[in-house]
Amino acid sequence: MGAALGRTAKQMVSTRVPVQPLTRLLEYECIQHIESALHSPVVGQGYVTYDISEVYRGRQYFISKEHEYFNLATMNDRCKKLGGYLVQFDDAAEQRKVGSLAVAVPGKGPFFTGLTDNVREGWFYTYNDKKHARYHKFRWFQPDNWWNEDCVVVWDNGLNDIDCGKRGRYVCEVPV
Ligand SMILES: [Ca+2]
Ligand SMILES: [Ca+2]
């Protein structure tokens with residue numbers, strides 16, 4: 001506490017906001033510095049809290065802070081309340097950006113995305129708009145569909161398919 005909120009300082013701002021509509025951030029409670037590339041205010045959506053990236057190519061990325069059992073529909077609905085959707089990638093740069101953000105936030109992954117092949121094995125689409133995934137770069141030897149893995153998590157070295165019911169965090173993409 002008490003740290004100067006310098007223009008260049010990397011910072012994390014913790015705040016609480018009404019569950020919805022989530023139109024602006026209220027009641028800044030805590031400011032502390034973190035050693036990460038994130039601009040990173042943390043906003044509460046009811047009981048859900050996020051690390052928030054700086055704006056990148058017209059989007060902000062919200063990374064949930066808690067480990068929870070993942071569910072595509074539930075988490076995508078939460079992203080919608082933020083004005084976005086579960087993250088999907090337009091190109092290599094965006095996937096790299098999100099991967100580097102995810103590994104930079106405090107705490108561990110995995111970090112779920114909005115990609116899935118739960119309709120047809122090996123055909124990855126974006127859950128929110130049900131369109132063929134524009135871009136996905138998996139890690140070496142992935143996707144392997146090990147024990148029927150149909151959800152996709154992002155790391156800084158690529159994607160992995162994992163069980164959709166696993167516990168983890170998730171990333172929302174919010175156009176600004
Ligand atoms: Ca699969
Ligand atoms: Ca896998």
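**A strand and its partners**

Reply: Strand β8 and strand β13, which covers residues 167-175, pair in the parallel sense over two bridges, and in that pairing Phe 111 stands opposite Arg 169 of β13. Please keep in mind that this is a predicted model.

Me: Which strands does β8 run antiparallel to, joined by two bridges?
Reply: One of them is β11, residues 151-155, which two bridges join to β8 in the antiparallel sense, with Thr 116 opposite Cys 151. The other is β9, residues 125-126, also antiparallel and joined to β8 by two bridges, and here Leu 115 stands opposite Thr 126.

Me: Is β8 mostly covered or mostly open?
Reply: Strand β8, which spans residues 111-116, is mostly covered, since six of its six residues are buried. For the chain, by comparison, 34% of the 176 residues count as buried.

Me: Switching topic, which residues touch the most other members in the largest nonpolar core?
Reply: That core has 30 residues, and Ile 63, Val 171 and Cys 172 are the ones that touch the most other members.

Me: And what is Val 171 in contact with, leaving aside its neighbours within four places in sequence?
Reply: Its contacts include Phe 111 and Thr 113, and also Tyr 61, Phe 62, Ile 63 and Val 154. Val 87, Val 98 and Ala 102 are among them as well.

Me: How many helices and strands does the chain have?
Reply: The chain has two helices and 13 strands. Among its contacts with a separation of 6 or more, 61% are between residues 24 or more positions apart.

Terms used. Residues are numbered from 1 along each chain as its sequence is written. Chains are lettered from A and ligands numbered from 1 in the order in which they are written. This is a predicted model: local features need pLDDT of at least 70, side-chain atom pairs count only at pLDDT 80 or more; totals for chains, interfaces and linings use all residues. A residue is buried if 20 or more other C-beta atoms lie within 10 Å of its own, exposed if 12 or fewer, and partly exposed in between; C-beta atoms are placed from the backbone. Helices (H or I, at least four residues) and strands (E, at least two) are DSSP runs, numbered from the N terminus. Two strands pair if DSSP finds at least two bridges between them. A nonpolar core is a set of buried Ala, Val, Leu, Ile, Met, Phe, Trp, Tyr and Cys residues joined through C-beta atoms within 7 Å. Two residues are in contact if their C-beta atoms, placed from the backbone, lie within 7 Å.
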